[in-house]
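Subject: Structure for your review

Dear colleague,

Please find below the structure that I am handing over to you, together with its sequence. My findings follow after it.

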Amino acid sequence: MPQGAGRRDYGAMRTIEAVPLASAAAHHGGKAAGLSALLTAGLPVPPGVVFDAAPRVSAAGIAAAAVEVAHEHGWRSVAVRSSARDEDGATSSGAGVYATVLDVPGDDVDAMASAVDTVLASIGETGGVIVQQMVAADAAGVVFTIDPVTGAAFLVVNAVAGLGETLVSGAETPWQARIPREGDGSVRSADIVVDEGPVEIAPLRELVRLAIEAERVRGGPQDIEWAVAGGAVWLLQSRPVTALAAQVPVEVVVPPGYWLRDPTHGRLPRTRMTASVVDEDRAVRPMVEEFGMLATFSGARIGGWHYVTIVPVGGPPPAPGKTPPRLPGWLVSLLIRSSSAGRRQLRAARRAMKTDAAQRLLDEWNDHLRDELRARILAFQDVDLGGLDDAGLADQLRRRAEMLIRGAELHFRLAMPYSLGIFELVDFCRSQIGWTPQETLDLLSGLADVASQPGRALASLAAMPPESTERADAFERFQRYFGCRALDLEVAEPTLAESPHLLNVLIDAARQAGSVHAKEAHAQERGRVAERARAQLQPSRVAQFDRLLATAERVYGLRDDNVFLTLDAPLALVRYAALEAGRRLAARGTLDMLEDVFHLTTEEAAAALESRHPLTNVRDSALRQRGERAWASAHPGPISYGTDPGAPPRFTGLTRAERTPTEAEMLMGELIMPSVTAAAEGEDGVLRGTPASAGHVTGTARIIHSEADFHVLEPGDIVVCPGTRPSWSVIFPLIGGIVADAGGALSHPAIIAREYGIPAVVAAVGATDAIRDGEVITVDGAEGTVRRHRAPSLPE
C-alpha cells in the first residue's frame with residue numbers, strides 16, 4: 001500500500017485492519033516498528049501493510065484482506081513476514097526464530113493463507129503480520145554498521161546474487177566487504193570497492209549511505225537486510241546489532257617457559273567447539289608413544305589464543321621467570337636415561353626404528369587408510385542432515401566429531417614417515433656435501449602434487465566453455481571432492497563449498513591467468529640438482545644418496561595428501577552438522593542465534609538437541625564464550641611469550657635409533673615454523689625473511705588475512721599474509737608471488753609456491769602490518785627480501 005494510504009477494515013471482520021507500515025505502532029511488533037521508523041525518515045522500504053495478530057485472528061481472514069490489498073495496488077507477488085513483539089529488539093533480534101515466506105502470489109488466497117498461517121505459528125500470541133510488495137532482487141544481503149564480532153569501526157557488507165534468503169539462513173556464504181569508518185563515522189568513497197562482487201559500485205555506495213543514515217535514525221549500530229533491484233536499493237529490515245556480544249575480558253596467564261603462536265594454525269582465537277575437536281596435546285600422544293619421542297609440544301590458551309611450547313619427556317617444568325640453562329647434549333642424554341619415562345621412550349624409539357614402523361604406516365596409508373577415509377567422507381556428505389530427527393542429528397554430530405579426533409591422531413602419526421624421509425636426506429646432504437636444508441629441498445621441488453590439485457582443477461574448469469555440460473559436470477565434481485574442506489582450522493569459518501561466489505571469482509581469475517603447469521620444468525630442475533649432488537659425493541656414497549632420495553620423493557607429498565582427509569574434510573563435516581544443530585537450537589530458543597552453536601562443544605550441542613526443553617545454562621555459556629572470543633579477537637597476543645631457548649641440543653649420548661625420531665621432528669619444526677620473533681624490516685625499507693621459492697617478481701600487494709579476502713585478488717597480485725593452509729592452494733594459479741609473516745622452507749606457502757614456480761618469502765615477520773594493501777612491492781624469493789615501492793595516493 002502506498003505509504004500515505006489510510007487504514008481499511010474488511011467487511012464484518014472489524015479486527016482485521018490493514019495498517020500502512022509508516023503508521024505501524026509498538027503493538028504491531030519490533031520489525032514493523034523498525035520499518036516504520038525508516039519510512040518516517042524518508043528511507044526506501046518496499047510498500048506494505050501490517051495486520052494485528054492480537055487478538056488472534058484466522059489466517060484465512062488476514063489472507064483475504066492481504067489479497068485485496070495486493071490486487072488494489074498491483075502487487076503480483078508479496079513477502080509475508082513476521083513481526084513479533086520481541087523481534088528486532090535491543091537485546092534480542094529473534095533472527096532465525098520467526099518466519100518469512102517469500103514470493104507468495106498476490107491473487108492466490110490459499111497460498112496467502114498458508115503463508116500467513118506459517119507466520120502466525122512462529123510469532124505466538126502477540127505481534128503482527130507484514131505483507132509487502134515482493135522485490136525481485138538482483139542482489140541482496142546484510143550490512144552491519146559495526147563489525148559484529150569485534151566491535152571495530154567497520155561497515156561490513158555481505159551480499160549474494162538474487163534473493164538474500166540463502167544468506168540469512170546460513171545456506172550460502174556471502175561475498176563480503178569490510179569498509180573502514182572514519183572518526184566521525186563517515187566512509188571514504190575510495191574505500192568502497194566492488195572487486196567482482198554481486199552488487200555494482202553505484203548501488204553499493206548508495207547502500208553504504210543508507211546504512212549510515214539508518215544507524216542515525218535508529219540510534220545505534222544496525223544489522224540491516226537489503227536488496228537491489230534494477231539499480232535501486234531497498235531496506236527490508238533494520239535491527240540493533242544484538243550479535244555484538246559484550247566483550248568478556250579474558251585473564252592473561254602466561255605459564256613458565258617459551259610459548260609461540262603460529263598464525264598458520266591460529267589465525268583467530270579458537271571457538272569452544274573447535275577446541276573440543278582439535279586438541280593437539282591429545283592428538284600427538286599416540287605418535288609420541290609409538291615412536292619414542294623425547295620431546296613434544298604442548299598447547300595452552302593464553303588470553304584466548306592458542307600457543308605451543310616444547311616439553312622434554314620426563315623433564316622438570318620450567319621455573320617461573322627463569323630461562324632454563326642450556327645443557328650439553330651428553331648431559332641431556334644422561335638425564336633421559338636416568339628417568340623411567342625417558343627409558344620407556346628410548347625403548348619405543350629403538351623398537352620403531354628396528355621394525356621400520358614408519359614405513360609400515362606409510363604402506364597402510366597407501367594400501368587402504370587413504371581410500372577408507374575418502375569413502376567415509378563421501379558417505380557423510382550424502383546424509384540429508386535436514387531430514388534427520390534431533391536424535392539422529394546428535395548422533396551425526398558425535399560421529400563426525402569422533403572421526404575428526406581420530407583423524408588428527410592419524411595426521412600426527414603420518415608426520416613420522418614424512419619427517420624421517422626428509423630428515424635422512426637432509427642429514428646426509430649436510431654431512432656429506434655441506435648443503436643447507438633449503439638447498440636439499442630443491443631436490444624435491446614440484447613433487448607435492450596433491451597440494452596443487454585443487455588449484456589445477458580450477459584452472460582446468462576455467463579453460464572449459466562457460467555454459468557447457470562438461471564444465472557443469474566438472475564444477476559439480478570439484479564441489480564434491482574439493483569443496484568439502486575447511487579453509488581454516490576453525491569450525492566457525494565457512495568451507496569452500498559454501499562459497500560459490502568465491503569459486504566463480506577464482507575460476508574467472510584462473511581463466512585470465514592462463515596455464516601455469518610447470519611439471520616438466522620442475523623435473524628438469526630436480527634432475528640438475530641431483531646431478532650436482534652426485535658430482536660432489538664420493539663414488540661410494542652415490543648409491544646411498546639415490547636410496548635416500550627415492551624415499552624422500554615417496555613421502556614428500558604425504559603431509560598435504562593426508563591433511564585434507566584427516567583434518568580439513570572432517571572439520572567441514574562437523575561444521576555442516578553443527579550448522580543444522582544451530583538452526584534448530586536457535587528456533588527453539590536454546591540459543592540466541594545460529595552461530596552461537598560454535599561456542600558450545602560438540603557434546604554440549606548434541607545434548608542440547610536431545611533435551612526436550614531449552615537449557616538456560618547452554619544459552620548463558622554460549623554468550624559468555626562469544627564475549628570472551630570477541631575480547632580475544634580485539635586483543636591479539638604477541639607472537640611469543642618468554643625467552644627463546646634457541647636450537648635444541650643434539651642427543652650425542654644416545655644411539656642413532658634412539659635419537660633419530662626426535663631429531664627428525666625437531667628439524668621439521670624448524671623448517672615448518674622457525675622461531676622468528678624480531679621485526680623483519682630493516683632501516684633501508686627492505687623486509688627480510690626466509691627464502692622459500694626462487695624467483696623475482698614485482699606486482700601489487702594484496703593483504704589476505706583469510707579466505708574471505710580471496711575475492712580481491714587479480715592475476716599477478718602478490719599475496720601478503722600471516723600464513724597459509726593447504727586449502728589455500730586454489731589461489732596459487734593466479735598470483736604472482738607470496739610473502740608470509742611466518743613459516744619456514746617446509747611451510748605450506750613455501751611448498752605450494754615451489755609447486756607453481758612463483759617467488760615466495762616466509763618468516764617476514766610484520767609484513768602484513770608494514771605493507772599497505774595496493775602498494776607495489778618486489779619479491780626476491782632466492783634472497784628472501786621484499787622491497788617496497790611508494791604507492792600513488794588514493795583519490796578521495
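Please note that the model is a predicted one.

With these cut-offs in mind, I begin with helix 2 (residues 59–73) and helix 3 (residues 109–123), which pack at an angle of about 125° with their axes 8 Å apart. The two helices are therefore oblique to each other, and their crossing is right-handed. Helix 2 contributes Ala59, Ala60, Ile62, Ala63, Ala66 and Val67 to the contact, while helix 3 contributes Val109, Met112, Ala113, Val116, Asp117 and Leu120. Sorted by class, the residues of this contact are eleven nonpolar, no polar and one charged.

Helix 18 (residues 558–587) packs with helix 19 (residues 602–610) at an angle of about 40°, and their axes are 10 Å apart. Helix 18 and helix 19 are therefore oblique to each other as well, and helix 18 passes helix 19 in a left-handed crossing. On the side of helix 18, the residues involved are Val574, Ala581, Arg584 and Leu585; they meet Thr602, Ala605, Ala608 and Leu609 in helix 19. This contact divides into six nonpolar residues, one polar and one charged.

Turning to the strands, an open sheet is formed by five of them in the order 9-8-7-10-11, with antiparallel pairing. Strand 9 (175–180) and strand 11 (232–240) are the edge strands, each pairing on one side only. Neighbouring strands of the sheet are turned against each other by 20° on average, direction ignored. Helix 5 (residues 201–218) packs on the sheet and touches strand 7, strand 8, strand 9, strand 10 (222–229) and strand 11. The direction of helix 5 makes about 35° with that of strand 11. Within the sheet, strand 7 (residues 139–144) and strand 8 (residues 154–161) run antiparallel and are joined by six bridges. Val142, for example, has Asn158 in strand 8 as its bridge partner.

Finally, some remarks on confidence. The protein chain has a mean pLDDT of 84, and 86% of its residues reach 70 or more. Over residues 1–14, pLDDT stays under 50, and the model has 39 contacts beyond four places in sequence for them. Residues 791–796 also stay under 50 in pLDDT, with seven such contacts beyond four places in sequence.

With kind regards

Notes:
Residues numbered from 1 in each chain as written. Predicted model: local features only at pLDDT ≥ 70, side-chain atom pairs only at ≥ 80, totals over all residues. Heavy atoms only, no water. Axes fitted to C-alpha atoms, helices over the stretch in contact; angles between N-to-C directions. Helix = DSSP H or I, 4+ residues; strand = E, 2+ residues; numbered from the N terminus. Parallel < 35°, antiparallel > 145°, perpendicular 65-115°, else oblique. Left-handed = near helix turned anticlockwise from the far one by under 90°. Contact = heavy atoms within 4.5 Å. Nonpolar A, V, L, I, M, F, W, Y, C, P; charged D, E, K, R; others polar. pLDDT = per-residue confidence, 0-100. Pairing = 2+ DSSP bridges.
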